[in-house]
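Had a look at this one for you. Here are my notes, point by point, to read alongside the coordinates.

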Amino acid sequence: MRNFWKHRLDQQHNKQGHGYSIFYTNELKNFKEKKINILEIGSYSGASAAAFTKFFSNSKVFCFDINISNFKYSSKNIEVFGLDINNHKILKKELNKIFSKHNFKNFDLIIDDGSHNLSDMLFSFNFFFKYLENNGFFILEDYKLPNYYNRNKDIDDILIDKLIEKIKLKKTFKSSIINENDQIYLMNNIKRIKTYRGNLTDSDICFIQKN
């Protein structure tokens, strides 16, 4: 089980591996035996979704991806949705369907492993954090790619690492995506933020826990 978890999380994108499995294991160990609902944004082939259902044996994983043609895994505990998160109307409609069908209101874990473009990460964090259970985690994988690569810095806005600093200091910031009221909501509802550097020079992961 440990090897499966490590392989799927660490090596799905790179032979050397991000090295994220140890951070997931340490940060989320209290969820291991609980019945939880997980939202994964950006699932690609479904390798990490499969790892989540193996490690969190009582979990249900909902996968949002703009292109689901690459998805390879099948499980009664995985549901896959071909969605563009920038289509807010359809996004809200699908979320309401999920909550109604499965009789829950918020996710326990939300993982953003999508485009890693700055605009998408800012929107994702701002929009989906409100759909997180108390003491749940919002996880941003590779959140510093816009710091390293111009292709991921698709807008002139606050970088995620700077946003984290501002939230910790409870200071508002300029953003075209996260308005001041939403910033205050985030500051008042975040319990803890922990960042880690993985194996690669551009591997950075952030765990944000809700109050």
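1. Which residues in H5 are buried? Keep in mind that this is a predicted model. The buried ones are Leu118, Ser119, Asp120, Met121, Leu122, Phe123, Ser124, Phe125, Asn126, Phe127 and Phe128. That makes eleven of eleven residues for the helix, which spans 118-128.

2. On to the sheet. Seven strands form an open sheet with mixed pairing, in the order S3-S2-S1-S4-S5-S7-S6. Its edge strands are S3 (78-82) and S6 (190-197), each pairing on one side only. Neighbouring strands are turned by 15 degrees against each other on average, direction ignored.

3. Cys63 has Val80 in S3 as its bridge partner. Helix H3 (residues 47-55) packs on the sheet and touches S1, S2, S3 and S4, with its direction at about 170 degrees to that of S2.

4. Now the rings: there are 21 aromatic pairs in the structure. Phe62 and Phe107 make an edge-to-face pair, because their planes are at 65 degrees, with the centres 6.0 Å apart. This pair connects S2 with S4, 45 residues apart in the chain. Phe62 is buried at 0% relative accessible area, and Phe107 is buried at 0% too.

5. Tyr196 and Phe207 are also edge-to-face, at 5.9 Å centre to centre and 85 degrees between the planes. Tyr196 sits in S6 and Phe207 in S7, and both residues are buried. Helix H8 (residues 180-189) lies across these two strands, at about 85 degrees to S6.

6. Last, the charges over rings. Lys32 lies over the face of Phe55, 4.8 Å from the ring centre, while the charged end of Lys34 sits over Phe31 at 5.7 Å.

Note on methods
Residues numbered from 1 in each chain as written. Predicted model: local features only at pLDDT ≥ 70, side-chain atom pairs only at ≥ 80, totals over all residues. Heavy atoms only, no water. Buried < 20%, exposed > 50% of the residue type's maximum accessible area, 1.4 Å probe, protein only. Helix = DSSP H or I, 4+ residues; strand = E, 2+ residues; numbered from the N terminus. Pairing = 2+ DSSP bridges. Axes fitted to C-alpha atoms, helices over the stretch in contact; angles between N-to-C directions. Contact = heavy atoms within 4.5 Å. Phe/Tyr/Trp six-rings, centres within 6.5 Å; stacked < 30°, edge-to-face > 60°. Lys NZ or Arg CZ within 6 Å of the ring centre and 35° of its normal.
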